[in-house]
Amino acid sequence: MSTEGIEAVFLETRNWGKAAKFFQALGYELEFDTGHNSGQLRNGSSPYVLIAEVPADQEPGVRLVLKATDPDEFRPGSAVEVVTPFADTHYGTREMTVRD
């Protein structure tokens, strides 16, 4: 099984504005703001950082987004634990969740 590396980092936060300013201070540029407490930033050609604000009763999390070279390699029962199999998203990609 292989990937083409890290495509993105998805961060959940309690304060979207503060988190965005933090990354901008580190040299990231805001690529877009969704208008509902989330957005995407990037520093050059590095993986993008997608930040989303979550409610106070939800624990913030972090996810890595990896680009699969051959999605068919990631099947239930393989060396990688598949939590949810590939499925189409509403924003035009196919995603799956795996766990270490």
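## Burial and the model

A residue is called buried when its relative accessible area is under 20%, exposed when over 50%, and partly exposed in between, using a 1.4 Å probe and protein chains only. Of the 100 residues of the protein, 21% count as buried.

This is a predicted model, in which local features need pLDDT of at least 70 and side-chain atom pairs count only at pLDDT 80 or more, while totals for chains, interfaces and linings use all residues. Residues are numbered from 1 along each chain as its sequence is written, and side-chain values use heavy atoms, leaving out hydrogens and water.

## Overall layout

Let's start with the fold. The protein has 1 helix and 7 strands, taken as DSSP runs numbered from the N terminus (helices H or I, at least four residues; strands E, at least two). Read from the N terminus, the order of the elements is β-α-β-β-β-β-β-β. Along the principal axes, the C-alpha atoms fill a box of roughly 40 × 35 × 25 Å.

Contact here means heavy atoms within 4.5 Å. Among contacts with a separation of 6 or more, 50% are between residues 24 or more positions apart.

## The aromatic cluster

Rings of Phe, Tyr and Trp (its six-membered ring) pair if their centres lie within 6.5 Å; planes under 30 degrees apart are stacked, over 60 edge-to-face, and the rest tilted. This rule gives 2 aromatic pairs. Phe22, Phe23 and Tyr28 form one aromatic cluster.

## The nonpolar core

Phe23 also turns up in the largest nonpolar core, which has 8 residues: Leu11, Trp16, Ala19, Ala20, Phe23, Leu41, Val49 and Ile51. Such a core is a set of buried Ala, Val, Leu, Ile, Met, Phe, Trp, Tyr and Cys residues joined through side-chain atoms within 4.5 Å. Helix H1 (16-25) and strand E4 (48-53) each supply at least two residues of this core, and the largest share, 4 residues, comes from H1.

What does Ala20 touch, leaving aside its neighbours within four places in sequence? Ala20 is in contact with Leu41 and Ile51. As a general background, nonpolar side chains tend to be buried together in soluble globular proteins.
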